[in-house]
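Student: Could you walk me through this structure? I would like to start with the words I need before we get to any details.

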Amino acid sequence: MKNTGIWLDKNKALIVTLEDSNETLKSVSSNIDHYNVHGGSGTPQKGGPQNVVHDSKYLEREQQQLKAYFKSISKEINNTDALVIFGPAGTNEKFSKELHENYQHLSTKIKGVRKADSMTDNQVKAWVRDFFM
């Protein structure tokens, strides 16, 4: 049986695969741009011209980058038997939702979606081992 655990945030995903007595760890980088958009006045004068910030454009670009990131992760876990997704913030829940919407064959294998803090590689491996025991 091939069990897989994925710790992910917006920067990277750590994929731990447990098969028989073998344990592998693979890292997938997200390549998501972190936008720090500054709006406001372009001049020091009060009431001067204002820069227009198009948040929707940046959010849409981030959504497209997240979809590409999730697609690259799903390619790595395509032949797993059981899957657990964990990590900080809401990226793990977004990935789970993406699997349910677009990767039904993988969504049926999800055994849990959990919150977890940032971890070292060894802590991620231990967490996945403990989950599947």
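Tutor: Let us begin with exposure: a residue is called buried when its relative accessible area is under 20%, exposed when the value is over 50%, and partly exposed in between. Please keep in mind that this is a predicted model.

Student: Okay, so where does Arg129 fall, buried or exposed or in between?

Tutor: Arg129 has a relative accessible area of 33%, and therefore counts as partly exposed.

Student: And which residue does Arg129 form a salt bridge with?

Tutor: The partner is Glu23, and the closest N and O atoms of the two are 2.6 Å apart. Because Glu23 sits in strand E3 (residues 22-29) while Arg129 sits in helix H4 (residues 121-132), the pair ties together parts that are 106 residues apart in sequence. Glu23 is partly exposed too, with a relative accessible area of 32%.

Student: Why can side chains pair up like that at all?

Tutor: Side chains of opposite charge can pair when their charged atoms come close.

Student: How many salt bridges are there in the whole structure?

Tutor: A search of the whole structure gives five. One of them joins the side chains of Glu62 and Lys10, with an N to O distance of 3.2 Å. This pair links distant parts of the chain, 52 residues apart, since Glu62 belongs to helix H1 (residues 55-76) and Lys10 to the loop between strand E1 (2-8) and strand E2 (12-19).

Student: Is Glu62 buried or exposed? And what about Lys10?

Tutor: Glu62 has a relative accessibility of 14%, so it counts as buried, whereas Lys10, with a relative accessible area of 25%, is partly exposed.

Student: Got it. What does Lys115 pair with?

Tutor: Lys115 forms a salt bridge with Glu93, and their closest N and O atoms are 3.5 Å apart. Lys115 is in strand E7 (residues 110-115) and Glu93 is in helix H2 (residues 91-102), so that distant parts of the chain, 22 residues apart, are linked. Lys115 counts as exposed because its relative accessibility is 52%, while Glu93, at 42%, counts as partly exposed.

Student: Switching topic, where is His105, and what does its side chain touch?

Tutor: His105 is found in helix H3 (residues 104-107), and a polar contact of 2.9 Å joins its side chain to that of Asn78. With a relative accessible area of 42%, His105 is partly exposed.

Student: And how far is His105 from Asn79?

Tutor: From C-alpha to C-alpha, His105 and Asn79 are 9.7 Å apart in space, and they are 26 residues apart in sequence.

Definitions and conventions:
Residues are numbered from 1 along each chain as its sequence is written. This is a predicted model: local features need pLDDT of at least 70, side-chain atom pairs count only at pLDDT 80 or more; totals for chains, interfaces and linings use all residues. Side-chain values use heavy atoms; hydrogens and water are left out. Helices (H or I, at least four residues) and strands (E, at least two) are DSSP runs, numbered from the N terminus. Buried means under 20% relative accessible area, exposed over 50%, partly exposed in between (1.4 Å probe, protein chains only). A polar contact is a pair of N or O atoms within 3.5 Å; within protein, one must be able to donate a hydrogen and the other to accept it, and residues adjacent in sequence count only if both atoms are side-chain atoms. A salt bridge is a side-chain nitrogen of Lys or Arg within 4 Å of a carboxyl oxygen of Asp or Glu.
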